[in-house]
Amino acid sequence: MAIIITDECINCDACVAECPNNAIYEPDHNWSYSDETKLSGIVNLPGGGEVDADAENEPLSNEFYFIVPGKCTECKGFHDEPQCASVCPVDCCVPDENHVESEEFLLTKKAWMHGE
Ligand code: SF4
């Protein structure tokens, strides 16, 4: 499953640089699938459907740092554990029960964003 940042976030910025998928954004910042990935233009989503990878999407939070579920792989394929959770000083990076995904799917997502 993806990781979610809770409202306990203190906006310290420690997690952003640690995310290998560039899935973490500052509050009130637009996000896109193409940020720091190989994706560009119209692409097929791993879970079905298609999207414009270059589109600027609305922030998921205006108050706290946020993780884009579609870009989060729990660091599968990069690290043994989610790096945001490792560095967060207040332990507010937790499993997102609304985005439960298998390890196989998370690795598919990783390959989709970065290549094999
Ligand atoms: Fe928020 Fe934790 Fe990230 Fe700091 S490390 S910005 S407290 S989620």
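**Side chains in the interior**

Modeller: Lys-109 and Glu-101 join their side chains in a salt bridge, with 3.0 Å from N to O. The term asks for a side-chain nitrogen of Lys or Arg within 4 Å of a carboxyl oxygen of Asp or Glu. It is the one salt bridge in the structure. Lys-109 counts as buried because its relative accessibility is 2%; buried is under 20% relative accessible area, exposed over 50%, and partly exposed in between, with a 1.4 Å probe and protein chains only.

The model is predicted, so local features need pLDDT of at least 70 and side-chain atom pairs 80 or more, while totals for chains, interfaces and linings use all residues. Residues are numbered from 1 along each chain as its sequence is written, and side-chain values use heavy atoms, without hydrogens and water.

Next come the rings. There are three aromatic pairs (ring centres within 6.5 Å, using the six-membered ring of Trp; planes under 30 degrees apart are stacked, over 60 edge-to-face, the rest tilted). Tyr-25 and Phe-66 are stacked, at 5.7 Å between centres and 15° between planes. They lie 41 residues apart, Tyr-25 in strand 2 and Phe-66 in strand 5 (strands are DSSP runs of E, at least two residues, numbered from the N terminus). Tyr-25 is buried at 7% relative accessible area, and Phe-66 is buried at 4%. Trp-31 and Tyr-33 have ring centres 5.1 Å apart and planes at 75°, so this pair is edge-to-face. Both are buried, and ring pairs join Trp-31, Tyr-33 and Trp-112 into a cluster.

How values were computed:
Helix = DSSP H or I, 4+ residues; strand = E, 2+ residues; numbered from the N terminus.
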